[in-house]
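This report goes through one protein model, from its metal site to its pockets. Please keep the sequence and the 3D view open while reading.

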Amino acid sequence: MPRRLLPIVVLPLLLAGCAAAEPVAASSPSASPSPTATEATVPPTPTPTPTFDRNARSIDDPASVWVVVNRSRPLNPQDWVPGDLVGVPVAHTWDPLLRQEGADAIVALFAAARAEAGLALASNSAYRSYTSQVGLYHPSNPLIAPPGTSEHQTGLAMDIGAESGECSLSACFANTAEGQWLAGNAWRFGFVLRFPDGLEGITGYPFEPWHYRYVGTELAAEMHATGTRTLEEFFGLPPAPAP
Ligand SMILES: [Zn+2]
């Protein structure tokens, strides 16, 4: 029995486990690929909505998916705890919790990354409590939000990486296939890249290509369509630079 044949047997079993969750499009003739087959995976570009109501949801209420949290806008109350945290059934390094709506959106996003681009994502961090942020915080580290001002405390933010761990929580994640797919597609699932490159003077944080914040599909699509990169700019709020 030639040992070299083993991978040929094992690989389909592994792939079958991965692909089991993906719907099979019975109507697509996979045996005869056509040049137009990729069109379905190109996300539509939304057009700005002239009537978009920027006051439709609160940006102050910690329970609102539009809540804007930064160094100048702590959660109120500062030790707020979301009422609908659930475990997120995705690959992870630390057990992830998110609010139900964000968790559902992340599951859909991870599934799309796999189905559309063959990419395996993982969560590196999701909900963090006020108390855990107290333990993390140190004034000398500009990446750590002061307690009560972390988006992770909203239950709507996740630090996303490649399941391989390549460039996890590092600037080079932006150059990975996973980082680039997220940057181009997360808005479709209601997420925004919260700390874009070069906007530290507005957000208060250096580029974090891994940190995504759920704001719902309507707002994420509108920000994408208008080319608005920060929540502060979209809602006309003052910059919140690091001290
Ligand atoms: Zn983060």
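A residue is called buried under 20% relative accessible area, exposed over 50%, and partly exposed in between (1.4 Å probe, protein chains only).

## About the model

The model is predicted: local features need pLDDT of at least 70, side-chain atom pairs count only at pLDDT 80 or more, and totals for chains, interfaces and linings use all residues. Residues are numbered from 1 along each chain as its sequence is written, and side-chain values use heavy atoms, with hydrogens and water left out.

## The zinc site

Which residues coordinate the zinc ion? They are His 152 (NE2), Asp 159 (OD) and His 211 (ND1), at 2.0 to 2.1 Å. Donors here are N, O and S atoms within 2.8 Å of the metal (3.2 Å for Na, K and Ca); water is not among the atoms, so sites may look incomplete. Along the sequence, the spacing of the donor residues is H-x6-D-x51-H. His 152 sits in the loop between helix 3 (130-136) and strand 4 (157-162), while His 211 belongs to strand 6 (residues 211-214), 59 residues apart. Helices (H or I, at least four residues) and strands (E, at least two) are DSSP runs, numbered from the N terminus.

Both His 152 and His 211 are buried. Asp 159 counts as buried because its relative accessible area is 7%.

## Salt bridges

Side chains of opposite charge can pair when their charged atoms come close. A salt bridge is a side-chain nitrogen of Lys or Arg within 4 Å of a carboxyl oxygen of Asp or Glu. The structure has seven salt bridges. One of them joins Arg 128 to the zinc ligand Asp 159, with 4.0 Å from N to O. Arg 128 lies in the loop between strand 3 (121-125) and helix 3, and Asp 159 lies in strand 4, 31 residues apart. Arg 128 has 19% relative accessibility, so Arg 128 is buried.

Arg 188 and Glu 116 form another salt bridge, their closest N and O atoms being 2.8 Å apart. This pair links the loop between helix 4 (177-185) and strand 5 (191-193) with helix 2 (residues 100-117). Arg 188 is partly exposed because its relative accessible area is 24%, and Glu 116 is partly exposed because its value is 30%.

## Strands around strand 6

On strand 6, His 211 and Arg 213 point one way and Tyr 212 and Tyr 214 the other way. All of these residues are buried. In a regular strand the side chains alternate between the two faces of the sheet.

Two strands pair if DSSP finds at least two bridges between them. Strand 6 runs antiparallel to strand 4, with three bridges, and Met 158 is opposite Tyr 212. Strand 6 also runs antiparallel to strand 5, again with three bridges; there, Phe 191 has Tyr 214 as its bridge partner.

## The largest pocket

A pocket is an open set of points on a 1 Å grid over the protein atoms alone, where a 1.4 Å probe fits, with protein on both sides within 12 Å along at least five of seven lines; lining residues have an atom within 4 Å of a point. Which residues lie nearest the centre of the largest pocket? They are Arg 128, Leu 143, Ile 144, His 152 and Asp 159, among 25 lining residues. Strand 3 and helix 3 each supply at least two residues of the lining.
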